[in-house]
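Please look at the sequence and the model together while you read.

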Amino acid sequence: MTPSPAGLIISRCTVLTHDDQERVGFARDAAIVVRDGVVESVTSSARAEELPAAERIDARGQIALPGLVNCHTHAPMVALRGVAEDLPTEEWFNDVVWPIESNLTERDVELGARLACAEMIRGGVTCFADHYFSMDAVAAVVEECGIRAYLGQAYFSSQGPQGREKSLEFALRHRGGAGGRITTALAPHAPYTVDEADLAATASLAREHGLSVHLHASENRDQAETSLARHGVTPIEVLRRTGILDTDVLIAHGSGILDRDLPLLASAEGRTAVATAPRGYLKFAWPTTTPVRALHELGIPVGLATDGAASNNSLDVWESMALTALIQKSTTGDPRWLTSRQALHHASLQSARAVGLGDEVGSIAPGRRADIILVDLTGPHTQPVHDLAATLVHSARSSDVRTTIVDGRVLMRDRELLTIDVPSVAGELSKRLPALLDRSHGRRIQDYDT
């Protein structure tokens with residue numbers, strides 16, 4: 001009996017694999033068989049030639065990787081790319097970003113999200129964790145363009161109970177949306193903008209409804225020291241005593257995590273993960289970075305992220321991978337940490353776990369969703385290849401991604417975006433910028449005082 005055709009077969013490529021110890025390896029002259037949006041098998045190219053398929057991609061000379069996950073961003077903030085440069089954190093927030101964000105309309109958010117998704121798909125990102133406002137618009141963009149997302153409606157205590165309620169309503173309304181490509185979280189902004197009563201209520205709602213929590217905490221050392229001086233506890237200790245660490249929680253940044261915080265994170269009852277976005281820390285001249293090695297020793301996943309393009313200037317997770325590896329070598333004084341293979345582990349399985357999708361994406365293996373990118377290493381900047389992992393981490397660029405696939409659907413083929421009209425989006429966004437960037441009103445959505 002002739003087998004029914006697979007939905008997609010990608011052949012003649014080298015596939016990044018994980019063994020039973022999660023060590024990164026590479027299967028050469030391999031093929032990936034996809035059926036109903038799921039990887040059915042990773043086999044030889046010769047075997048795949050015998051199998052019928054509705055669609056085939058000849059990926060000779062290319063490397064197949066699990067799609068990258070941007071574990072913390074504010075996608076619509078691409079509209080603010082480059083408007084607040086060379087400023088300390090407090091001025092960046094209070095004088096520029098938060099006054100501009102008081103002008104945001106739902107259409108601005110939609111256009112920013114659309115442009116951001118185009119940038120991420122072109123850079124090999126197949127899933128992103130977003131924490132922002134007017135998130136119904138972002139969810140609609142995700143459904144339309146085909147990417148995967150972990151979404152939360154951000155809120156401050158200054159909004160009153162309505163902010164928390166809207167975050168819950170959003171999470172329940174969109175959970176499982178876009179054919180299962182959308183997962184959701186409750187999204188309190190941070191311990192310095194959300195009071196302990198609201199955090200405790202958020203933790204209770206998360207447990208009641210089976211939701212995770214995505215928030216900023218101990219973003220930098222100043223926040224940790226200010227919290228200690230004012231309240232006698234660190235931001236991580238606030239998360240502990242309000243019950244947030246008893247939920248599944250994704251902590252953005254954590255470059256201010258102190259040694260005294262580590263036992264609390266290690267003993268957390270929920271799934272705890274941290275997202276690191278090192279480019280922004282360098283731009284703000286923060287003195288410390290995410291303590292990746294200490295978290296690794298506790299078994300806490302550290303996912304790669306970009307933060308919003310207002311601080312990072314790009315949504316390039318490829319760059320975050322290389323910077324994470326380099327900064328870890330520098331801060332630990334050990335050139336053996338992180339290795340290229342360890343960096344690829346952060347970019348794949350650890351990032352998937354950070355957003356709660358560790359059983360669905362993050363590796364190319366039978367039963368996993370077919371979120372796959374194909375990377376071309378034939379350019380002069382990647383030749384010759386002596387160590388494939390090192391070439392991927394330290395020589396390859398996001399522009400080397402040729403094809404991006406989510407749930408078995410091709411979203412970009414040979415650098416051509418198939419689901420987003422970038423000129424149309426950029427053109428309309430450009431017309432809206434004067435109103436968006438106006439700060440003459442003197443308003444801001446919040447005060448940064450840490």
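Leaving aside residues up to four places away in sequence, Ser 157 touches Thr 193, Val 194, Asp 195 and Asp 198, where a contact means heavy atoms within 4.5 Å. The model is a predicted one, in which local features need pLDDT of at least 70 and side-chain atom pairs count only at pLDDT 80 or more, while totals for chains, interfaces and linings use all residues. Residues are numbered from 1 along each chain as its sequence is written, and side-chain values use heavy atoms, with hydrogens and water left out.

Ser 157 is buried, with a relative accessible area of 19%, since buried means under 20% relative accessible area (1.4 Å probe, protein chains only). The C-alpha atoms of Ser 157 and Glu 196 are 39 residues apart along the chain and are separated by 9.4 Å.

| Partner of the Ser 157 side chain | Distance |
|---|---|
| Side chain of Asp 198 (polar contact) | 2.6 Å |

A polar contact is a pair of N or O atoms within 3.5 Å; within protein, one must be able to donate a hydrogen and the other to accept it, and residues adjacent in sequence count only if both atoms are side-chain atoms.

As for the largest pocket, 18 residues line it, and Pro 191, Tyr 192, Ser 227, Arg 230 and His 231 lie nearest its centre. A pocket here is an open set of points on a 1 Å grid over the protein atoms alone, where a 1.4 Å probe fits, with protein on both sides within 12 Å along at least five of seven lines, and lining residues have an atom within 4 Å of a point.

Note on methods: Buried < 20%, exposed > 50% of the residue type's maximum accessible area, 1.4 Å probe, protein only.
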